[in-house]
Amino acid sequence: MLTEGVSLIDSRSDRVVMEPNKTYWNPDRKPTVRIIYDNVIGKTEGIKSVAAGDGRVDVVFDLTPDEAHAFPASEHGKIQTKKAKTILTGVFNENRPDSPWRNPEARRALNLAIDREFVLHQGAHGYGTVIPAFIQPGRYGADPEMKPFPHDPEAAKSALEAAGIGGRELVFVASPAWEGVVAAIGQCLAKIGLGCRFVSAKEEPPEEFDVKLEWYFDWTPQYPVACVHREFFGKDATLRQGPEDPDFDALYDKLLHTPHEPQQEEVVRAVERYLQDQAKALFLYAPYTLFAVSDRVAFTPYDTCMSELAETRIKG
Amino acid sequence: MDAHATGDPVGGQPFGPHNTVTVVDPSPVNWLSITWNTMEEANRVDHDGIGQPSLAESWRWLDSETLELTMRQAVYQDGEPFNAGMFKLGFDKVQEWTNPHPPGAFLNFARDVTCEVVDDRTVRMRFPGGDSAALMKLRGMHLPSIRFWDEWGFVDPKTGSAEGHW
């Protein structure tokens, strides 16, 4: 029950207060605590507060891998992880008609150049799971037969040279949170004679960038293609960096007209296979969501990445 | 140090500092988390990422175009009862706008989708041509009380519009 403050797309009050609804119908989700979103203290101070146990902050959301890794040993709080429905993936810049990345063989070759486990551990302290495309194994729509692209630098090198990309410096645009990931990608690329330059997504990206890293999440009730895949490749995609893809659109339309299971999930699997067959993206891994959590709180994170707090309790 | 010095609200609320959890959420979609913490929909997604019934306790496709939902018996925190009519009201309100959802038009119901109250607990939605995304869209169709619609609603007071503001 919201009793104070607002949180809008473009503005937030200094704090938002929610009181428990004592008459809520669902005993499993009946809130027991007042929740305060503190929009003043900031993430860095919030993390310090949890570690120090000074009582100002109990949970901090959306830590970067570096922030989680740097969290000090503390008797007052800890880092909590969640294998949420997320992806970190590279979008190829196919905007120019003569972009080399319009060639699926070039996209596939760059995928072969990446040692994903190395990138995950070197670039993100291991906070994540390597996945074949956009859906984690075991989730709705995952194809159990699909495996991540192998790391095959020799095949990658020859295919990239054949595509006219050999010896180049590739430009990666990414949030500063993923600078370590780009550095690890750069180490992979160096082994096949390619350079790698990080450009912060906070700056105006150069027109000639090669790959843009995007983090995204699935909040849907088992309908990931509309939320995630469509956002990257659909007609109305906001993250697409190239022309429309009629083959993807046809699969999406088929999904929209397949209301019953198990047929619907089979279409989702077909979409996943299409993404990998066409090497539609530079597939990386599913990042964990990372939280700093005070020991006084039993915090229940959500796979949707939403800060839903109905089940969060104070211990004891 | 005074516990929750920055987070303990004034005003004699029934829950004291010992029952307050203070969080910092820098996510750009914090507005959506607040909405889903304070509103309810026909269905939801649990902490394991699985769809679950919520204010609708069940649903079934009667044919490829007709979805029937059975509403739960529940009351809002102000005592107003929830029923099938409240679901229909939420649907009618969202359909007043062309693009009400911030994430995008993929959450819109088509203009020819209809919603019929069958009885106090049952509604039938008809999707001409079919729409397998219906349950995903219902996750974003909030079902607040009459008081919410009368006193607040989703209309941005600055623009007078609820487009992109749901």
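## Basis of the description

Residues are numbered from 1 along each chain as its sequence is written, while chains are lettered from A and ligands numbered from 1 in the order in which they are written. In this predicted model, local features need pLDDT of at least 70 and side-chain atom pairs count only at pLDDT 80 or more, whereas totals for chains, interfaces and linings use all residues.

## Overall form of chain A

The secondary structure of chain A comprises nine helices and 14 strands, where helices (H or I, at least four residues) and strands (E, at least two) are DSSP runs numbered from the N terminus. The C-alpha trace of chain A spans about 65 × 45 × 35 Å along its principal axes.

Of the 316 residues in chain A, 47% are buried; a residue is buried if 20 or more other C-beta atoms lie within 10 Å of its own, exposed if 12 or fewer, and partly exposed in between, with C-beta atoms placed from the backbone. Among the contacts in chain A with a separation of 6 or more, 68% come from residues 24 or more positions apart, a contact being two residues whose C-beta atoms, placed from the backbone, lie within 7 Å.

## Strands S1, S2 and S3 of chain A

Strand S2(A), residues 15-18, is joined by two bridges to S1(A), residues 2-4, and the two run antiparallel; strands count as paired if DSSP finds at least two bridges between them. S2(A) is also joined to S3(A), residues 34-38, by four bridges, again in the antiparallel sense. Glu4(A) stands opposite Val17(A) in S2(A), and Arg15(A) stands opposite Asp38(A) in S3(A).

In a regular strand the side chains alternate between the two faces of the sheet. In S2(A), Val16(A) and Met18(A) form the covered face, whereas Arg15(A) and Val17(A) form the uncovered one.

## Domains within chain A

Chain A is divided into domain 1 (2-83 + 289-314) and domain 2 (86-218 + 279-287), with bounds that come from an automatic or database domain assignment. The centres of domain 1 and domain 2 of chain A, taken over C-alpha atoms, are separated by 32 Å. Their contact takes 11 residues from domain 1 of chain A and eight residues from domain 2 of chain A.

On the domain 1 side of this contact, helix H2 (65-69) and strand S12 (289-294) of chain A are the elements that give two or more residues, and H2(A) gives the most, with four residues. The residues on that side divide into four nonpolar, five polar and two charged; Ala, Val, Leu, Ile, Met, Phe, Trp, Tyr, Cys and Pro count as nonpolar, Asp, Glu, Lys and Arg as charged, and the others, Gly among them, as polar.

## Contact between chains A and B

In the contact between the chains, 61 residues of chain A meet 49 residues of chain B. Elements of chain A that each supply at least two residues to its side include S1, S2, S3 and helix H1 (43-52), and S3(A) gives the most, with five residues. The chain A side divides into 30 nonpolar, 15 polar and 16 charged residues.

S3(A) also pairs with strand S1 (residues 20-24) of chain B, in the parallel sense and over four bridges. Within this pairing, the bridge partner of Ile35(A) in S1(B) is Val21(B).

## Backbone details

Most residues other than glycine have a negative phi, and most peptide bonds are trans. The peptide bond from Glu261(A) to Pro262(A) is cis, with omega near 10°, and Pro262(A) lies in the loop between H8 and helix H9 (263-277) of chain A.

Asp62(A), which is not a glycine, has a positive phi of about 60°; Asp62(A) is found in the loop between S4 and H2 of chain A and counts as partly exposed, with 18 C-beta neighbours inside 10 Å. Ala279(A), also not a glycine, has a positive phi of about 45°; Ala279(A) is placed in the loop between H9 and strand S11 (282-287) of chain A and is buried, with 22 other C-beta atoms within 10 Å.
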